[in-house]
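Please look over the structure below.

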Amino acid sequence: MKHCTIAKFWKYYDALPQELQKAAKKQFELLKNNPNHPSLECKDIGHFKSARINDGYRALGKIDGDSIIWFCIVPHDEYMRILGRAKN
């Protein structure tokens with residue numbers, strides 16, 4: 001699986017505190033090397049893929065063929081709102 005990002009993703013990333021940026025970087029390296037690692041809690045949700053950054057943050061991407069286009073890193077409550085809107 002190929003992992004891509006869009007400019008919007010980096011706006012979310014840049015807005016995170018440095019500690020969360022460090023956690024996100026660590027989790028994405030893990031994702032590239034071992035996408036089934038339990039700490040990632042990777043899930044397919046319809047046309048989306050989610051990955052855990054920490055207890056309170058998730059990354060969300062859109063599945064596009066053999067790629068995942070990561071578009072945000074958000075608090076868990078915002079992640080749930082995004083998924084709720086996507087289902088409607």
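Helices (H or I, at least four residues) and strands (E, at least two) are DSSP runs, numbered from the N terminus. This is a predicted model, in which local features need pLDDT of at least 70, side-chain atom pairs count only at pLDDT 80 or more, and totals for chains, interfaces and linings use all residues. Residues are numbered from 1 along each chain as its sequence is written, and side-chain values use heavy atoms, with hydrogens and water left out.

**The largest pocket**
- Helix 2 gives the most to the lining of the largest pocket, with five residues.
- Strand 1 (2–5), helix 1 (7–15) and helix 2 each supply at least two lining residues.
- Among the lining residues are His3, Trp10, Phe28 and Trp70.
- The lining divides into seven nonpolar, two polar and three charged residues (Ala, Val, Leu, Ile, Met, Phe, Trp, Tyr, Cys and Pro count as nonpolar, Asp, Glu, Lys and Arg as charged, and the others, Gly among them, as polar).

**Glutamine 27**
- Glutamine 27 lies in helix 2.
- Glutamine 27 is buried, with a relative accessible area of 5% (buried means under 20%, exposed over 50%, partly exposed in between, with a 1.4 Å probe and protein chains only).
- Beyond its neighbours within four places in sequence, glutamine 27 is in contact (heavy atoms within 4.5 Å) with Ser39, Leu40, Arg52 and Ile53.

**Asparagine 36**
- Asparagine 36 sits in the loop between helix 2 (18–33) and strand 2 (43–45).
- Asparagine 36 is exposed, with a relative accessible area of 70%.
- From C-alpha to C-alpha, asparagine 36 and lysine 2 are 15 Å apart in space, and they are 34 residues apart in sequence.

Definitions and conventions:
1 Å grid on protein atoms, 1.4 Å probe; cavity = no way out; pocket = protein on both sides within 12 Å on 5 of 7 lines; lining within 4 Å.
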